[in-house]
Amino acid sequence: MIGAAVAALLVIGGTVWAVSGGGDDKEPVARTSTTPTPAASDAPVNPGDGEGDGKKEDDTDFNASRKAGEAKVLWYKEAPDTPADGADAPGMWFADSIAVKAAYKELVGYKAADGTPAWPAVTLPQKICAVTRQQTADDKVVVAYMSGVSSRAQCNQLQQIDLRTGAKGWTAEVPDGKLFDSASDISLSLAGNTVMVGRSQSGIAYDVRTGKTLYEKEKYNEDCFPSAFAGSANRLISVASCDALGTNEHVEIQELNPATGAVKWTRPLDKGWEVERTFSVDPLVVYSTNDDKNLMNIAAFKADGTVRSQVGFNLKVGTDCGWDLFHRDLLGCGGTAADANTLYLPTDSTNDPNDVVAIDLNTGKEKWRAKSPGDAPMLPIRTDGSTVIAYLEPTYDAPGRVVSIPTSTPTHTPTTLLQLPTSTAKIESGFNSRDVAYLDGRFYLSTTRITGNDETRQKLMLAYGK
């Protein structure tokens, strides 16, 4: 796969299969319990059953029929009205006990405990087309929105927003690059205090605090065009396509200094290999494929760009990845987690129970597996080094749950943290395109795509707790 490491390469056949967020025809029901039934609690904010036209509220209390051991529905929100062709709802952030969600033309902030508005909705002139998945240390994000509504409109308008207050900060218009280098469909990555905007063949970096242009990452070595970026708190990764359609056609990975754009190291991949995603940026773990040979590879890298390890055992991965035709959304896979020395991935399973596999990043070998405790797949959400938090998806006859998997004990049996309630099972299983998060004992489920269907209520966000 990679330069000098090719002689030691272990490539595993197969492809990555994305696990959907639940089928539209699933109708989960509760499991029985022998413990006492808790008393009904206050109705969640903006209740609804997910079946109406999205324009009205009703007095459904999801907690009225809550069974023993089931989590409480803290609040439920429906999506704003959108055009018939739908709209994106990218991004979900948390700051100062506020949950923030982007949807169509606005950002909305809800108090995490009860779902009441934390600040007035932030409205943008046109629909949101890209966001930074991360936020700064002081809880700022940058979103992009369209320049208009015509067929010539571009995704090139930037707006900085404070998640704590909902205040708008600086704005900028992303210029096109050189010939054939368009800003019509951009990507956004945050690395420290740098926002990297990916154009079709280059990147332009802004200071997230001021909006000042820092540098451009343009064509290099005469034939290498960077077009995909991924960032973390301290790192910025670039992926470039080189010598397209030529005899030396290949992809290169670089690490850049986020503040200056200076290249720290460059690592070419062998011909035929494409970088699909980064399962982690720090530590750097790259998932790549070779379509001609129907092969996949997962490789971890050291700080200097040399290969740290490659997964060396048969593993069909079941990460929750969205569609990405041009391989530009490097951070677009859910269902993965990593700490300094271990990568946690789910095995492939459409509906049946699967495993979460712990992979040693120093050797590429399997350390252990944890089996799903239910009848459905489970996906890692995050890890703190001592535990992995995972989401067990709903099935036809049971809602989902949030579990904790110990990482340093002899056994790795999942323990239930939140058993999600039957009352919202149908809504839960209807989040086919989704983001999930577990923070401060609360589980959040939100959509990333609003269909625009006027016949049904459009789901936006659900919050659960104890």
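Which pattern do the disulfides of the protein chain follow, with bonded cysteines counted along the chain? The pattern is 1-2, 3-4, 5-6. A disulfide is taken here as a pair of cysteine sulfur atoms within 2.5 Å. By this rule the count is 3.

The model is predicted: local features need pLDDT of at least 70, side-chain atom pairs count only at pLDDT 80 or more, and totals for chains, interfaces and linings use all residues. Residues are numbered from 1 along each chain as its sequence is written, and side-chain values use heavy atoms, with hydrogens and water left out.

The protein chain holds 1 helix and 37 strands. Both are DSSP runs, numbered from the N terminus (helices: H or I, at least four residues; strands: E, at least two). Of the 466 residues, 56% are buried. Buried means under 20% relative accessible area, exposed over 50%, and partly exposed in between (1.4 Å probe, protein chains only). The chain exposes about 19,800 Å². Carbon and sulfur atoms supply 49% of that area. Accessible areas come from the Shrake-Rupley method with a 1.4 Å probe; for residues, only the protein chains shown count as cover. Among contacts (heavy atoms within 4.5 Å) with a separation of 6 or more, 52% join residues 24 or more positions apart.

The angle about the S-S bond is 95°, and the link of Cys129 and Cys155 is right-handed. Cys129 lies in strand β8 (residues 128-131) and Cys155 in strand β10 (residues 155-162), so the pair ties together parts that are 26 residues apart in sequence. Cys155 is buried, at 1% relative accessible area.

Cys224 and Cys242 form another disulfide, their sulfur atoms 2.1 Å apart. The link of Cys224 and Cys242 is right-handed, with 115° about the S-S bond. Distant parts of the chain are linked: Cys224 sits in strand β16 (residues 224-231) and Cys242 in strand β17 (residues 236-242), 18 residues apart. Cys224 is buried at 2% relative accessibility. Cys242 is buried at 0%.

Cys321 and Cys333 also form a disulfide, with a sulfur separation of 2.0 Å. With 100° about the S-S bond, the link of Cys321 and Cys333 is right-handed. This pair, too, links distant parts of the chain. Cys321 belongs to strand β24 (residues 320-321) and Cys333 to strand β25 (residues 333-334), 12 residues apart. Cys321 is buried, with a relative accessible area of 17%. Cys333 is buried at 13%.
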